[in-house]
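This report considers selected helices and a covalent link between side chains. Please consult the sequence and the structure shown here alongside the text.

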Amino acid sequence: MNRGGQGTVDAGTADVTTTANTRATAGYWAGAARLTVRLLLAAVLAYAGLVKIGDLTEAGRTVALYRIVPDDSAQLVGGVLPFVEVALALLLVAGLATRAAATGAAVLLVVYGAAIASVWARGMSIDCGCFGSGGTLSGGAARGYALDIARDLLLLGAAALLIRNPRTPYALDSWVLDPKER
């Protein structure tokens, strides 16, 4: 016999508690995964941009090798892209405007993937210049364009995850946005 309501828990309360604990654990891991994706994408963009900022002339020459934009525009594009990559990386690290930064990263990744596919389809043999100076490969050396495109698609998936659900732990977005936007 139970006196004063102590000592027993009915099955309904236990189920609710178990369900709440399961949801909390799943929410924790989902948040941790989104945080990891956000920081990974930021690290890749930061590294790619910072390496290219070291030699903007070479970055322009690399863009020109793709033969997609005129040579004079290639220098401008090569000079601007590294700063865009670093700016997006900083936003992602801070978790500020995460959806917008992830969208910007996704646009860049689609453009990069299309440019690499274009070079591949045209039978050109160049180093993509994704993480520093690119150039023409000598002596008919084969380039692993499939790996470059696969990498960009993987990173595009990471960006898509953040576009769909940009709220992550340790993000400035949680302090800046209205509670109803969180």
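## Helices and a disulfide

Helix α3 is followed by Gly 95, a residue with a positive phi near 70 degrees. The model under discussion is predicted. Helix α3 itself covers residues 71–94, and its buried residues include Gly 78, Gly 79, Pro 82 and Glu 85. Also buried in α3 are Ala 74, Val 86, Leu 88, Ala 89 and Leu 92.

Helix α5 spans residues 145–164 and contains Asp 152.

| Helix | Number of residues | Span | Expected span at 1.5 Å a residue |
|---|---|---|---|
| α5 | 20 residues | 28 Å | 28 Å |

Why does Asp 152 count as buried? Its relative accessibility is 5%, and buried means under 20%. Leaving aside residues up to four places away in sequence, Asp 152 touches Leu 109, Tyr 112, Gly 113 and Ile 116. Other buried residues of α5 include Tyr 145, Asp 148, Ile 149 and Leu 155; Ala 158, Ala 159 and Leu 162 are among them as well.

How many disulfides does the count give? The count comes to 1 disulfide. This disulfide joins Cys 128 to Cys 130, with an S to S distance of 2.4 Å. Cys 128 is buried, with a relative accessible area of 8%, and Cys 130 also counts as buried, at 14% relative accessibility.

Methods: Residues are numbered from 1 along each chain as its sequence is written. This is a predicted model: local features need pLDDT of at least 70, side-chain atom pairs count only at pLDDT 80 or more; totals for chains, interfaces and linings use all residues. Side-chain values use heavy atoms; hydrogens and water are left out. Helices (H or I, at least four residues) and strands (E, at least two) are DSSP runs, numbered from the N terminus. Buried means under 20% relative accessible area, exposed over 50%, partly exposed in between (1.4 Å probe, protein chains only). Contact means heavy atoms within 4.5 Å. The expected span of a helix is 1.5 Å times one less than its number of residues. A disulfide is a pair of cysteine sulfur atoms within 2.5 Å.
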